[in-house]
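Here are some notes to read alongside the model. Have the sequence and the 3D view open as you go through the points.

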Amino acid sequence: MVNFFGDINREMKKVSWPKRKELSRYTIIVLSTVIVTSAFFAIIDLCISFLIRFF
């Protein structure tokens, strides 16, 4: 068990962590993508609902 956690610790030190600026930029990109995709599907859903009620 001690070897396992020691290996995890060594591997985590090898990880290339993003800088604060990169992390905030990636976060903004992900959030804006989620918002745009959600809005797109909401509009499609409303259009399909309207067409079903119309017929």
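1. Let's start with salt bridges. This is a predicted model, and a search through the whole of it turns up two salt bridges.

2. Which residue does Arg 10 meet in a salt bridge? The partner is Asp 7, with 2.2 Å from N to O between the side chains. Both residues belong to helix α1, where they sit three residues apart, or about one turn of the helix. Asp 7 has a relative accessible area of 39%, so it is classed as partly exposed.

3. The other bridge to look at joins Lys 14 and Glu 11, whose closest N and O atoms are 3.3 Å apart. Here too the two residues lie in helix α1 and are three residues apart, about one turn of the helix. How exposed are the two partners? Lys 14 counts as exposed because its relative accessibility is 62%. Glu 11, at 45% relative accessibility, counts as partly exposed.

4. Now for the aromatic rings. A pair of aromatic rings is described by the distance of the centres and the angle of the planes. The count for this model is four aromatic pairs. In one of them, Phe 4 and Phe 5, the ring centres are 5.3 Å apart and the planes stand at 70 degrees; planes over 60 degrees apart count as edge-to-face, so that is what this pair is. Phe 5 itself is partly exposed, given its relative accessible area of 49%.

5. Phe 50 and Phe 54 make a stacked pair, with 6.2 Å centre to centre and 25 degrees between the planes. Both are in helix α2, four residues apart, which is about one turn of the helix.

6. With 74% relative accessibility, Met 1 counts as exposed.

7. One last stop is Asp 45, placed in helix α2, residues 20-54. Asp 45 counts as partly exposed because its relative accessibility is 47%. How far is its C-alpha atom from that of Ile 28? The two C-alpha atoms are separated by 26 Å, and the residues are 17 apart along the chain.

Terms used
Residues are numbered from 1 along each chain as its sequence is written. This is a predicted model: local features need pLDDT of at least 70, side-chain atom pairs count only at pLDDT 80 or more; totals for chains, interfaces and linings use all residues. Side-chain values use heavy atoms; hydrogens and water are left out. Buried means under 20% relative accessible area, exposed over 50%, partly exposed in between (1.4 Å probe, protein chains only). A salt bridge is a side-chain nitrogen of Lys or Arg within 4 Å of a carboxyl oxygen of Asp or Glu. Rings of Phe, Tyr and Trp (its six-membered ring) pair if their centres lie within 6.5 Å; planes under 30 degrees apart count as stacked, over 60 as edge-to-face and the rest as tilted.
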